[in-house]
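Here is a walk through one protein model, written for someone new to reading structures. Have a look at the sequence and the 3D view, then read on.

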Amino acid sequence: MRTLIRDVRVFDGERTVPRADVLIDGALIAEPDGRPVDVEIDGSGRTVLPGLIDAHTHVFDGDLAQALTFGVTTELDMFCLPRNLARQRRIAAERDDVADLRSAGVLATAPGGHPSQLMAAEGMAALGDAVGPFETVADAGQARAFVAARLAEGADYLKIAIDGGTVSGTPLPVLGPDVVAALVEAAHDAGLQAIAHAVTTKDALVALDAGVDGLAHVCFDADPLDSAADDLAARIAAQGVFVVSTLSYFEAITGSPGGAELMRDERIRSRLPEHARTAGDRDTDALPVYSEGVAGALHAARALHRAGAPLLAGTDATPFAPLHGAGMHREMVLLTEAGLTPEEALAAATAVPARWFGLTDRGRIAPGLRADLVLVEGDPTGDITATRAVADVWRRGVRQSR
Ligand SMILES: [Zn+2]
């Protein structure tokens, strides 16, 4: 099957070509060669993008299909229990109508540590075997066995939670710096990147001291009136650590009205399954609300961008909020509010996560790469919200019926 998208604006993951032809040959992008094609699509007035990569999600049944509807062709899961992970992997491998998946498997946390408290939150029982007790790390001596178990599960990277109760609002057991360092070392020895959940400056410093490769959130606690966020950003940039933005996550857990804008957008709403339209509200009883959280997170993202630290678009999507797929179209808007140009926000959702997660077969539009593509109406390199006007999606060359 050969498909030619003709006369289309191309954002290739790094830069924009105002008008070009893009050839999809089977599962791959190919150099247009002038030979006959099976399908020709008029790209005028439209933009083709690499498939979006959400660099922080949690996958449950149905989520990968919903993600693809919104042009998210790859999800990087940051905590998934073994039976659910095996099922989601099978779905991603066997079906062409779902996003592809990478996962950390079970994250490393102290016994009773974050996010154990969420497993008991309201609404979680409906998620069946995707929630429940999981293996934890009591001391540094257990780090190697924990990482070995993740490798056996097929984890693609290690996730480490460093959170003594900031997200839960009540004190929780937390991994000590020595345990975090042992986990990072064990991950590196096993050839895995180590990515830390930390949402405060203090916890992020523990992660940086331990030599993590990435942070799964920006911090939200730096005072805009002092230089703490800039100091932290400078250290992150100097260490070559990437940061997943998750600004829409901070909107969700703080009950910020900003996220409602997305749900009012008919381009988003019309594509959401019925249950997801009402699932947009988190159970805020189960999570503390920090009214300043979004401003603090935006402040941190601005500092990181100024410092030149790699920012990867990610939502922390769950079955609640942010929503799989849809949330990325809010995340990119928030990245522009943090000072990224629309092109930089699009790169943060495509080529940048592909590079930092070693996904060399995707994230850009170039001959030989996977034909994971999104065709949108208009020009998101000028108006970032144009990503919401999805006209077509290809996953590994398979065109999704619209
Ligand atoms: Zn998460």
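This is a predicted model: local features need pLDDT of at least 70, side-chain atom pairs count only at pLDDT 80 or more; totals for chains, interfaces and linings use all residues.

## A loop residue with positive phi

Arg-396 sits in the loop between strand 15 (390-395) and strand 16 (398-399). Strands here are DSSP runs of E with at least two residues, helices are runs of H or I with at least four residues, and both are numbered from the N terminus. Arg-396 has a positive phi of about 45 degrees, although it is not a glycine. With a relative accessible area of 30%, Arg-396 is partly exposed.

Residues are numbered from 1 along each chain as its sequence is written, and side-chain values use heavy atoms, with hydrogens and water left out.

Now for Asp-7, which lies in strand 1 (residues 2-11). Asp-7 is not a glycine, yet its phi is positive, near 55 degrees. Its relative accessible area is 28%, which makes Asp-7 partly exposed. What about the strand around it?

Strands of a sheet pair through backbone hydrogen bonds, either parallel or antiparallel. Two strands count as paired here if DSSP finds at least two bridges between them. Strand 1 runs antiparallel to strand 2 (residues 16-25), and 7 bridges join them; Val-8 stands opposite Ala-20 in strand 2. The hairpin of these two strands has 4 residues between them, and in it Gly-13 takes a positive phi near 110 degrees. Strand 1 is also joined to strand 4 (residues 39-42), this time in parallel, by 4 bridges, with Thr-3 opposite Val-39. Another parallel pairing links strand 1 to strand 5 (residues 46-50) over 2 bridges, where Val-10 has Val-48 as its bridge partner.

## The zinc site

Which residues coordinate the zinc ion? They are His-56 and His-58, each through NE2, and Asp-316 through OD, at 2.0 to 2.3 Å. Donors are N, O and S atoms within 2.8 Å of the metal (3.2 Å for Na, K and Ca), and water is not among the atoms, so sites may look incomplete.

Along the sequence, the donor residues follow the spacing H-x1-H-x257-D. His-56 belongs to strand 6 (residues 52-57) and Asp-316 to the loop between strand 13 (311-312) and helix 13 (326-337), so this pair ties together parts that are 260 residues apart in sequence.

Leu-215 has Val-243 in strand 12 as its bridge partner.

## A buried arginine

Arg-362 is in the loop between helix 15 (351-356) and strand 14 (373-377). Its relative accessible area is 4%, so Arg-362 counts as buried. Its side chain makes polar contacts with the side chains of Asp-100 (2.8 Å) and Asp-361 (2.9 Å). A polar contact is a pair of N or O atoms within 3.5 Å; within protein, one must be able to donate a hydrogen and the other to accept it, and residues adjacent in sequence count only if both atoms are side-chain atoms.

Leaving aside residues up to four places away in sequence, Arg-362 also touches several others, among them Ile-53, Thr-74 and Leu-369. Contact means heavy atoms within 4.5 Å.

## Two cis peptide bonds

The peptide bond from His-114 to Pro-115 is cis, with omega near 5 degrees. Pro-115 lies in the loop between strand 8 (100-103) and helix 3 (116-119). Ala-321 and Pro-322 are also joined by a cis peptide bond, with omega about -5 degrees. Pro-322 is found in the loop between strand 13 and helix 13.

Technical notes:
Buried means under 20% relative accessible area, exposed over 50%, partly exposed in between (1.4 Å probe, protein chains only).
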